Amino acid sequence: MSNLNTEMIEKYRNNFLKEVTANVEEGEWVKMCMQCGVCSGSCPFGPHWDHPPQELFMMIRAGKREEVLTSSSMWMCTSCYNCIVRCPRGLPITHIMHGLAHYADRLGMAPKEQPTMKFAHKFWDNIVKNGRVNELKLSLGVYFMNGIAEGIKTSLKMQAVGLGMYKAKRLNPMEFFGGHTVKDKSGMQAIIEKAKEIEEAKIKKFEG
Amino acid sequence: MSDVIATNQTILVVGGGISGMTAALEAAECGKQVILIEKSPSLGGRVSQLYRYFPKLCHPTCGLEINNRRTKMNKNLRIMTMAEVAAVSGEAGNYSVKVKVSPRYVNENCTACGDCAKVVETEFDDEFNYGLGKRKGAYLQHKMAHPQRYVLDPRVIGTDDATKAKEACKYDAIDLDMQEEEIDLTVGAIIWATGWQPYDAAKIQPYGYDRIANVITSVEFERLCDPHGPTGGKILRPSDGQEAKNVAMIQCAGSRDQNHLKHCSRICCMASLKHANYVNEKYGEEGQSTIYYIDIRAIDRIDDFYRRVQELPNVTFTKSKVASVVENKENGNPVLHGVDTEGYNRYANEHDLVVLAIGMEPSVPADAFPVEVKINEEGFIEADESNGAVFAAGCSADALDVNRAVQNATASALRAIQVINSVAGAEG
Ligand code: SF4
Ligand code: SF4
């Protein structure tokens, strides 16, 4: 269990809703949900996940901390925004889903083999290096995410797509050796450091 | 019409629905001079379009009959139909009001014998039945219409139908030369009772009102159940005229929703409970009603009614706001999709007919008021000093059921009377 996790359990003992309100992006909206069910019924993921948004929000209010944070549900959200446009209360549901996923990850509670999370990590590591996505390294990284054998299989399968992208100048083989960057790389990294600092301060500051 | 005399001790009531009628009668019965104007050809408004109404599930024929009698007996009250307010100026105790009167093409000689309607051939969508049926170009708005006088649709003027109607009338009641008139009134106070209209159901895109024939609104369902309605009181679904026995009601259709009306329309839960009751009365055990709801808001004594409906064996309550409705192309049945809140079960339920418990919005849009009044976020008139002696009554003031609308109208009549009394006192 991470230190942050222990600390948060201590701080918000039995009040998971408060914890979410304080620490999760757009988490203050969770209490506005009136449990109508429109988001769940509109979500294209339908029956394919454990807890639709409406249920997750109720679980948060019911204090099911462990179950919510270890759930893979919020990692399944495809950001289609169906729920947001239909929610009669105007909850930014998609953003809350991502906020919950991010928070679970910070606490080290997200399910270990969750593919969306693995991709998100790869994407993040990739983009913070140069401030630009290195498509070549990212795709290769994703293909080989589940081992070498599967990676080769996927790479072969995706060959045509890769070639197409190359022709359309969306994929440059030279990216393998460094790749393009933003103009002020250290400035960009300073911004990210600052953002982290603000986020941590926010979590610290909130008095239950 | 030019003989309408009004002074600054007259009260003008705008709108002849249940609220306007109540306000006008209360004031007139207190001895005040009242002019009641109504846009359509007869009084009664939305209540007259219901099959039955709360609190006692009366047929409107009963409640309106009493009010019609009161209006006929009262010499202080003058009624102008087909009349609308065009402009208002002045201040409390002294308003000038411009009223536009549309031609009816039928005068006081009319005995409502209906001979004109027999010979006229052109038919139009019947507004009284929310377009579910047709009516002739010469018509009586409905059986209880007060005044009992026919109307010629302006669209038949200048056609053969108009001449035929004129020739058929034995009482010389048809006057094809009638023109629009403008009348100036001086009044001391104004009661604004222009009421409500159903929210435009087509705007609730996922429910498919504009795409699926068997998705209708609660006001339309009232017309289907009414023996004087377009189906003679049979619940026939629009797609194929078959009897609908398995009926779904969707609550909060357009209400309590940031994408539509933010407010709770207050009447819709009760309307659906009433509808489940209609289905039960018509079909007994063969009927089935399913009410999809967020929470049932059955206020005060309606709660007893709610309990009675809950006990009916063929009524199911599903706690869920339906996410979408799609049509089963083979049989025209609407299929309801959603997730319920008691167990988070996903459903896809097929019904014969879907009734949207449609929300209530003010019938005059906020930017179209011919008079300066304070309008709230929902479009209703807010009680405010700056409104002078313009008082909202009934659903111009808020989303109200008949019971509360009538109470509200009586209160506004008292407010108007106070203004008139002080005008009279000053002129003493
Ligand atoms: S649509 Fe909005 S109010 Fe309804 S259950 Fe989902 S989050 Fe809650
Ligand atoms: S944005 Fe996410 S949670 Fe919302 S409907 Fe789409 S997939 Fe479901």
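Trainee: How far apart do the C-alpha centres of domain 1 and domain 3 of chain B lie?
Mentor: They lie 32 Å apart, with domain bounds taken from an automatic or database domain assignment. This is a predicted model, where local features need pLDDT of at least 70, side-chain atom pairs count only at pLDDT 80 or more, and totals for chains, interfaces and linings use all residues. Residues are numbered from 1 along each chain as its sequence is written, chains are lettered from A and ligands numbered from 1 in the order in which they are written, and side-chain values use heavy atoms, leaving out hydrogens and water.

Trainee: And how many residues does the contact take from each domain?
Mentor: Domain 1 of chain B gives 18 residues and domain 3 of chain B gives 23, where contact means heavy atoms within 4.5 Å.

Trainee: Switching topic: which residue lies over the face of B:Trp196?
Mentor: That's B:Arg46, at 5.4 Å from the ring centre.

Trainee: What about ligand 1, how does its shell divide?
Mentor: Into nine nonpolar, three polar and no charged residues. Ala, Val, Leu, Ile, Met, Phe, Trp, Tyr, Cys and Pro count as nonpolar, Asp, Glu, Lys and Arg as charged, and the others, Gly among them, as polar.

Trainee: Nice! Which residues are around ligand 1?
Mentor: Among them are A:Cys33, A:Cys36, A:Phe57 and A:Ile93, each with a heavy atom within 4 Å of the ligand.

Trainee: Last one: are B:Phe54 and B:Phe305 buried or exposed?
Mentor: Both are buried, meaning under 20% relative accessible area, while exposed is over 50% and partly exposed in between (1.4 Å probe, protein chains only).

Notes:
A charge sits over a ring if NZ of Lys or CZ of Arg is within 6 Å of the ring centre and within 35 degrees of the ring normal.
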